Amino acid sequence: MRHAFTVTLLVIGLWLMHMYLRILPEAAVILLWVGVTLTIALGGFRRHRIRRAAFLRGYLEPTSLWPRRLRGGPLMALRHLLAGMLLGGLMLIALARVPTPEAWAALLVAGFVLVAGDALFMRWLRGHAHPDFAPELARRAALWVAGALLIVALMLLALQARYPDLTGASLEQAVWFLVQHEGARSLLLETGLQLAAAQDAVRLWLGQQWFPQGVQSLPALLGWLLVLAEQAFLAVGFLLLANGLLPLRAADDALGDPRHAPVIE
């Protein structure tokens, strides 16, 4: 219940960000970007260390010094920090451009699926997976299930959304038409929104040229799914943000202690 409450607060917070992102000053947008970046990086770094510990325990002796040296440090943290910066920026841009209110219901349901799936997979893995590594396995499975469902839901909503008819316009006209409708108080956010709008214009213009009949045929449906693939950024960003807020276990540092290594016979 505590995790479900956390996910609910996360969705409410993201909705508030969606409502006010365009009117926030530059400093506030940068602070939100830093917060999202650190949350995503923390969740990724925490789970990566568990996977690294499982790998090292399988190949190295518990008494060796290498498990402690290779368990993950500044380089691993830098990797997840850079990934968090990229995903965090894309997440903020996607939040400012959520097209339909139904998307928020999809995010909330996906968050509950993540929480419930995490608990169910942990129960199923009890007695089969090592206690130190079972939380990571359960979280990975729950993220895959929730991510697949959320991407499908957002894709269906995107297919049903209304888009401007760009068939009679040139590519340059289509780009300028969508770019000029994007604005924000923050120059950094406005630049990101305009770049995303330009990318949207290119994809929509090409999609309407290639598939003018809509989604009445399977090739056209698959083509439009590729055109609307940006919905995956919102889904991945949301789930990784939730992953960073929901802890796996009380203490991960015990994984680097050789005394906790399993006995393999």
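View 1. Helix α5 covers residues 102-125, and its 24 residues reach 34 Å from the first C-alpha to the last, close to the 34 Å expected at 1.5 Å a residue (the expected span is 1.5 Å times one less than the number of residues; helices are DSSP runs of H or I with at least four residues, numbered from the N terminus). This is a predicted model, in which local features need pLDDT of at least 70 and side-chain atom pairs count only at pLDDT 80 or more, while totals for chains, interfaces and linings use all residues. Residues are numbered from 1 along each chain as its sequence is written, and side-chain values use heavy atoms, without hydrogens and water. Among the buried residues of α5 are W104, L107, L114 and D118 (buried means under 20% relative accessible area, with a 1.4 Å probe and protein chains only), and their cover includes α1 (2-20), α4 (74-96), α6 and α10. Just after α5, G127 takes a positive phi of about 90°.

**View 2. The packing of α6 and α10.** Helix α6 (residues 134-160) packs against helix α10 (residues 231-245) at an angle of about 145°, with the axes 9 Å apart (axes are lines fitted to C-alpha atoms over the stretch in contact, and angles run from 0 to 180 degrees between N-to-C directions). Residues that make the contact include L143, L150 and L154 of α6 and L234, F238 and L239 of α10 (contact means heavy atoms within 4.5 Å).

View 3. Over residues 249-265, pLDDT stays under 50, and the model has 26 contacts beyond four places in sequence for them (pLDDT is the predictor's confidence in each residue, from 0 to 100).

Note on methods:
Helix = DSSP H or I, 4+ residues; strand = E, 2+ residues; numbered from the N terminus. Buried < 20%, exposed > 50% of the residue type's maximum accessible area, 1.4 Å probe, protein only.
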